[in-house]
Amino acid sequence: AGFGRDAKAAKDEAKKLLCRYIPLPHGQIVHSKEEAAKIASGLGYPVVMKLVAPGLRHKTEAGAVKLNVGTAEEVRKVFDDLATHAGSVSGNRGILIEEMVRGGVEVILGFLRSKELGPVVMFGSGGILVELLHDTNYRSLPLTRAEVEPMIQECSCFKLRKGFRNQTDKDLDSLVEGILQASRVFLANPWIKEMEFNPVAVLDQGQGIKILDALLVCEDTNPK
């Protein structure tokens, strides 16, 4: 139940729920550049470094993400750059060091609670293509497997998942299962108001999917 949970705790709990069903990159939030270098070394280079702050929706555009960080020296420098940037972002909680996921096709997956339509899922082309292509579909929840597959196929990005122009086939089965599992988590926990995963990397057949970035909006249930 959600009684007495503040928004930050709710987000942490929601992430734990999702991790049971949907693969997230390995990583850890750090608060010093030496700690950052140690974690990066343990994960293996290159790594991704992200500023962690509530409500920071577009990290790339905000300069809050650095990809392909390849050495301990570079990790320390990027940490200093992001830490300086963090001064202009309210509520920052540290810097996340994550494994670098290579390959795959990027999609977006979102869930929200509409006053008019009830719980809704959104799927389409992800990453930097979201606002460029506007290639998205919407469905009401709950969903069945038979409803998820057409939702994916109706997007023009579906071609990229089926070996378009000699690309390797992508793991559509894992994508379908990930959408179903995420929708079940969302429906079972009404204190989660909104979830957005962008991008989600759909890897080669048999390798699954990975959520590369997530935004969670949760209800603050603490009495005022």
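E99 is buried, with a relative accessible area of 18%, where buried stands for under 20% relative accessible area, exposed for over 50% and partly exposed for the range in between, computed with a 1.4 Å probe on protein chains only. The model is a predicted one, in which local features need pLDDT of at least 70 and side-chain atom pairs count only at pLDDT 80 or more, while totals for chains, interfaces and linings use all residues. Residues are numbered from 1 along each chain as its sequence is written, and side-chain values use heavy atoms, with hydrogens and water left out.

**Surroundings of E99**

E99 belongs to strand β4 (residues 94-99); strands (E, at least two residues) and helices (H or I, at least four) are DSSP runs numbered from the N terminus. Not counting residues up to four places away in sequence, E99 touches L24, P25, H26, L43, V48 and K210, a contact being heavy atoms within 4.5 Å. The side chain of E99 also takes part in the two atom pairs tabulated below. A polar contact is a pair of N or O atoms within 3.5 Å; within protein, one must be able to donate a hydrogen and the other to accept it, and residues adjacent in sequence count only if both atoms are side-chain atoms.

| Group on E99 | Partner | Distance |
|---|---|---|
| E99 side chain | K210 side chain | 2.7 Å |

**Strand β5 and its partners**

Of the 10 residues of strand β5 (residues 105-114), 7 are buried, so the strand is largely enclosed by the rest of the structure. Strands count as paired if DSSP finds at least two bridges between them. β5 runs antiparallel to β6, to which 8 bridges join it, and these two strands form a hairpin with 3 residues between them; S114 stands opposite G118 in β6. With strand β8 (residues 192-202), β5 pairs in the antiparallel sense over 7 bridges, and the bridge partner of E106 in β8 is A201.

**Helix α5**

In helix α5 (residues 145-153) the buried residues are V148, M151 and I152. Seen down the axis of α5, these residues fall within an arc of 95°, so they line one face of the helix; the arc is that of the directions from the helix axis to the C-beta atoms. The buried residues of α5 pack against β6 (118-125), β7 (136-140) and α6 (172-188).

R145, also found in α5, is partly exposed, with a relative accessible area of 38%. Not counting residues up to four places away in sequence, R145 touches V176, E177 and L180.
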